[in-house]
Each structure stands twice: as structure tokens, then as C-alpha cells.
Amino acid sequence: MSTEIRANTMLPARREQITLHTADGLELIGELALPESGQPRATLICLHPLPTHGGMMDSHIYRKAAFRLPALADIAVLRFNTRGTASEAGRSQGSFDNGDSERFDVAAALEYAEFHDLPNVWLVGWSFGTDLTLVHGLDPLVEGAVLISPPLRWSTEDHLRAWGESGKTVHALIPEFDDYLRPQEARERFALIPQAKVTGFDDTKHLWVGKAEAALDAIVETIAPDVATPLPRTWDGPSETRQVTIVNS
């Protein structure tokens with residue numbers, strides 16, 4: 001019997017609560033969700049929106065990625081709370097630092113992925129997380145980046161040029177009605193990354209309410225192009241309904 005995949009549907013995976021250790025001595029709360037069997041074809045490291053405005057590892061696109069992508073696309077999903085950020089899983093040590101000391105948080109996630117031999121590592125940033133990606137995420141381990149609603153608030157032209165020179169894949173997902181950066185301006189600003197793909201999403205706003213499926217499809221198309229999209233909207237196996245408590249940092 002097929003089950004409709006809804007916002008709180010959690011599909012099978014191997015899930016583990018993890019702790020990331022930063023170079024400046026902090027412990028960060030996280031979770032790794034792996035396919036139920038076999039090796040993942042790719043790994044997402046999720047960098048969440050601004051914690052001072054409600055961003056955390058449970059921000060809805062990332063929660064749905066962790067609930068669905070291990071089963072639907074054989075993709076591993078690593079999500080965590082940056083310093084000082086809280087979610088149902090707990091609060092990471094430290095305090096918000098406007099994207100500066102968060103460089104240690106990004107490095108800790110990459111170090112975890114490398115140490116645990118997670119394959120084909122991609123950064124997926126959303127809003128504030130896109131600035132962390134562009135400013136701190138250009139690492140040899142990283143295959144490329146998916147940028148959801150990038151405001152380009154802290155990212156400079158030099159950061160964009162560096163990604164351009166790297167040749168790494170960059171795919172920017174730009175809502176039609178974004179609060180900070182809309183498709184036409186995004187195409188102009190991302191021209192500094194010649195290989196960047198900028199995709200506009202009609203009738204979509206910065207927070208992607210009601211549009212998570214479109215974001216997940218675009219992520220999978222980028223990092224695992226051999227997986228058929230759109231992803232299934234139903235599931236013919238065991239599943240759970242998982243209600244997550246939203247915690248403010």
C-alpha cells in the first residue's frame with residue numbers, strides 16, 4: 001500500500017546523533033542520516049539559515065532532506081546546529097558570531113565527513129548558510145555547492161571569483177519573490193562564477209514554504225544526476241510520522 005509522503009513522513013534510514021568538534025574547542029549538535037543499506041552515492045552537508053531568525057538543523061528543507069533522501073536517492077544527509085544554535089536535538093556550544101567563527105563549524109563538518117569516509121561531499125547552504133558555503137566552504141573535499149536563497153550578504157566578489165577559479169559546480173536556487181536576491185540580479189552577480197547555474201523558481205519566496213519538494217528535486221538533480229526526478233511523492237514501504245518540536249535559538 002502506497003503512503004503519501006507528507007511534511008512529517010520519515011522514511012527508513014540509519015540515523016545517528018553526532019557531535020562535531022571545532023578547532024576552537026566547541027561541541028556542535030548534529031545528525032547523520034545514511035541509506036538503510038549500502039554506501040551512499042553522495043553526501044550533503046547542510047548549512048542552515050540565520051539562527052537569530054529561526055534557522056537551525058531542523059529548518060524544514062533540511063529536515064525533509066534527512067527524512068527522505070537516504071531512502072529516495074541513496075544520499076547521506078549531515079545536518080548540524082552552528083555555534084549557539086538550538087533545535088530539538090540540543091544546543092551547540094558557543095555563540096553566534098555573524099559568520100566569522102562559524103568557519104570552524106564548517107571545517108568541523110568537513111573533517112567529520114572526511115574522517116568517516118563519506119563519499120562525494122557537497123555543501124548545501126540556505127540563506128545565511130549560503131554565505132558560510134561561499135566564504136568558508138571552498139575546500140578540496142567539496143565537490144560543489146547548492147545555494148538556496150543566497151542573499152550574498154557576507155560573500156564578496158573575491159569569494160565568488162575563487163569559486164569560479166576552482167571550477168567546482170555551483171547551482172543557485174533563486175525564488176521569484178525572494179526578499180534579498182531575485183533571479184535577474186542573481187544571474188548578474190553570479191556571472192563571476194562562469195560555471196554557476198542560476199535557476200529561478202516561480203511563485204516562491206525566501207523560506208520556500210510549500211516548495212520544499214522543488215528544492216529537493218533540484219538538489220538531487222545537481223549532486224546525483226543519475227537519480228530520476230521529480231522524486232517520488234509516495235512510498236511503498238515502512239515509514240513513520242515524526243513531529244519535530246521547533247526550538248528558537
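Modeller: A contact means heavy atoms within 4.5 Å. In the protein chain, of the contacts between residues at least 6 apart in sequence, 70% join residues at least 24 apart. Please note that this is a predicted model, in which local features need pLDDT of at least 70, side-chain atom pairs count only at pLDDT 80 or more, and totals for chains, interfaces and linings use all residues. Residues are numbered from 1 along each chain as its sequence is written, and side-chain values use heavy atoms, with hydrogens and water left out.

Colleague: How many helices and strands does the protein chain have?

Modeller: Helices (H or I, at least four residues) and strands (E, at least two) are DSSP runs, numbered from the N terminus. Here there are six helices and 14 strands. The radius of gyration, taken over C-alpha atoms, is compared with the globule rule, 2.2 Å times the number of residues to the power 0.38. The protein chain has a value of 17 Å, close to the 18 Å that the rule gives for 249 residues, so it is as compact as a globular protein of that length. Its C-alpha trace spans about 50 × 40 × 35 Å along the principal axes.

Colleague: What percentage of the residues of the protein chain count as buried?

Modeller: Buried means under 20% relative accessible area, exposed over 50%, and partly exposed in between (1.4 Å probe, protein chains only). Of the 249 residues, 53% count as buried.

Colleague: How many aromatic pairs does a search of the whole structure find?

Modeller: Rings of Phe, Tyr and Trp (its six-membered ring) pair if their centres lie within 6.5 Å; planes under 30 degrees apart count as stacked, over 60 as edge-to-face and the rest as tilted. The search finds four aromatic pairs. One of them joins tyrosine 62 and tryptophan 126 edge-to-face, with 5.9 Å centre to centre and 85° between the planes. This pair links distant parts of the chain, 64 residues apart: tyrosine 62 lies in helix H1 (residues 60-73) and tryptophan 126 in strand E9 (residues 121-126). Both tyrosine 62 and tryptophan 126 are buried. Phenylalanine 201 and tryptophan 208 also form an edge-to-face pair, at 4.9 Å centre to centre and 65° between the planes. Phenylalanine 201 counts as buried at 13% relative accessibility, and tryptophan 208 does so at 0%. Phe96, Phe128 and Trp154 form one aromatic cluster.

Colleague: Is leucine 231 buried or exposed?

Modeller: Leucine 231 counts as buried, at 6% relative accessibility. Leucine 231 is found in the loop between helix H6 (212-223) and strand E13 (234-235). Not counting residues up to four places away in sequence, leucine 231 touches Leu69, Leu72, Leu216, Asp217 and Val220. By contrast, leucine 138 is partly exposed, with a relative accessible area of 34%.
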